[in-house]
Structures are given as structure tokens and as C-alpha cells.
Amino acid sequence: MAKNSAKDIEVTAFATHQIITQPNPLRKVLRRVDEKDTDDPVARAEQALASLSGEFKAWMTTEVNRLSAAYVAIRNDGFTRERRDELFHAAHDIKGDAVTFGYPAAAGIAESLCRVIEHAPDLEKVPAELFTHHINAILAILHENTRLDSISVSAELSRRLRKVADDYLTQVNRDRPEHLEVILAPSIAPAE
């Protein structure tokens, strides 16, 4: 995509501010369609996603197994950079995929786990229960997600784990204000 040159950019000055307007380069790639054209690419994408939905539980199971295996390796042999990264990436992938796969509460818990891994000053000093509670909660959500009453339980579990993790991170980062600002920010995982 070609960049706009300075002559394409319009600047309108006001007493207290300026408005800078640049040409929209997307107009060049837009395709006008005839009103009789009933093709809906969004509907096709949704249909393709729906056809894959039968695979979501298996894919989520694979992601959760990867997370569990990463933590078992840490529990057995301790943290290394590679093991820490594998645990973080497994949790991060669940955070990103869980909503699409139909497990939105797992996304919030995985995000909370990512925050612990990212912001704890020393992972060796993080209570093991903080890791195991997060991982066990994600496992429980995977196995119990189909029952309606479990949905509200999993949402509450996600909120509580986030609170416990935030309290821990706030305590251990009390002398690191750059981390506190991020820790106290609202969740970016989609809410249920």
C-alpha cells in the first residue's frame, strides 16, 4: 500500500487545535458491488466458523493439555526461561482462543495467569497454589462448560482468581510502580 505524501494531507488550523485529515487509502481497494449481488462475505465467514465449531472442544482440550504439561514441567524441574515462556504462551493462546471456542470464562482466567507470569518479580516465589488454582479452574471450565449453572460459577471463579492474583501482584510490586499501573488496569479479556 502506498503511503500518503505530505501534499495529500490536509491541515485545518483552529485557535486551540488542528485537524489533520489524510486521504483514506482503503477507498482505492473497495469494490463496489451490484445491489443484485447477494454474496455476503461476513455470512460466509460465519458459516465457515460454524462448520468448524464441532472441533472447538478438541482444540480447547489440546490448548489446556499444553498448559498443564507446561506447568508439570515447571513443578518437576523448576523455572527456566524456556519453561516460563511455554507456560506463558500456552496461557496466552487460551486467552486468545477461549472465547471463539465457547469458553469465555477460561479466557479471563488465562489472562489472569498471564499477568502473574508477566508481572511477578520472581516466579520461584509465587505460591504454587496460585498457578494450580488457575490451571485447575481452566480444566474445570473445559469439562463442565456445557451445564448452564456452571457458566455463572465459572464467571465468579474467574473474577475471584483475578482478584487473588491482583492482590498478590499488588503486594509484590509495591516498589515497582510501572507494574502497578498495568496490574490495576481493567481486564482486556472479553467479558461474558
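**Close-up 1. Arg-84 and its salt bridge to Asp-85.** Arg-84 has a relative accessible area of 22% and is therefore partly exposed, a class lying between buried (under 20% relative accessible area) and exposed (over 50%), computed with a 1.4 Å probe on protein chains only. Arg-84 pairs with Asp-85 in a salt bridge whose closest N and O atoms are 3.0 Å apart; the term denotes a side-chain nitrogen of Lys or Arg within 4 Å of a carboxyl oxygen of Asp or Glu. By this rule, the count is 12 salt bridges. The model is predicted: local features need pLDDT of at least 70 and side-chain atom pairs count only at pLDDT 80 or more, whereas totals for chains, interfaces and linings use all residues. Residues are numbered from 1 along each chain as its sequence is written, and side-chain values use heavy atoms, with hydrogens and water left out.

**Close-up 2. The salt bridge of Asp-39 and Arg-44.** The closest N and O atoms of Asp-39 and Arg-44 lie 2.8 Å apart. Asp-39 is partly exposed, at a relative accessible area of 40%, and Arg-44 is partly exposed at 47%.

**Close-up 3. Glu-156 and Arg-159 in helix 6.** A salt bridge joins the side chains of Glu-156 and Arg-159, at 3.1 Å from N to O. Because they are three residues apart in helix 6 (residues 148–172), about one helical turn separates Glu-156 from Arg-159; helices are DSSP runs (H or I, at least four residues) numbered from the N terminus. Glu-156 is partly exposed, with 31% relative accessibility.

Note on methods: Helices (H or I, at least four residues) and strands (E, at least two) are DSSP runs, numbered from the N terminus.
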